[in-house]
Amino acid sequence: GCKAIATKLKPWTMSSGPSDKVKRTFAKIIEAVPKDIAILNCTSYAISTIATNAVKMGQLKNIGDKVLVIENQMSSNVLPWQHICDNRDFKLIIAP
């Protein structure tokens, strides 16, 4: 129970045979390391996880910090950032 929830909060730590090969291949393409690649089941969950962890890991921490999103994105790509910005006094910038 608790271990599964902790893993879900850090999806990049999940491991399985086929996904490990995908992680290694993609990491090579973008010059990263496989342990930093997360494979998630849907974009909305991925964006929400990224937004939440940006705050938890200190990437967003000061009042007025800015988050940039692109205009006309699907709501699932914008709402997590909007929620965090509204609740933490960060500034959401929408680029045309």
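When I speak of a contact today, I mean heavy atoms within 4.5 Å. What I am showing is a predicted model, in which local features need pLDDT of at least 70 and side-chain atom pairs count only at pLDDT 80 or more, while totals for chains, interfaces and linings use all residues. Residues are numbered from 1 along each chain as its sequence is written, and side-chain values use heavy atoms, with hydrogens and water left out.

Let me start with Val78, which, once residues up to four places away in sequence are set aside, touches Val69, Gln73 and Leu92. Both Val78 and Val69 belong to the largest nonpolar core, a set of 12 residues that also includes Trp81 and Phe90. By such a core I mean buried Ala, Val, Leu, Ile, Met, Phe, Trp, Tyr and Cys residues joined through side-chain atoms within 4.5 Å, where buried is under 20% relative accessible area, exposed is over 50%, and partly exposed lies in between, with a 1.4 Å probe and protein chains only.

Turning to Ala95, this residue sits in strand β2, residues 91–95, where strands (E, at least two residues) and helices (H or I, at least four) are DSSP runs numbered from the N terminus. Ala95 counts as partly exposed because its relative accessibility is 22%. Which residues does Ala95 contact, leaving aside its neighbours within four places in sequence? They are Leu68, Val69, Ile70 and Glu71, and the C-alpha atoms of Ala95 and Glu71 are 5.5 Å apart although 24 residues separate the two in sequence.

Finally, Ile29 lies in helix α2, residues 17–30, and it counts as exposed because its relative accessibility is 62%.
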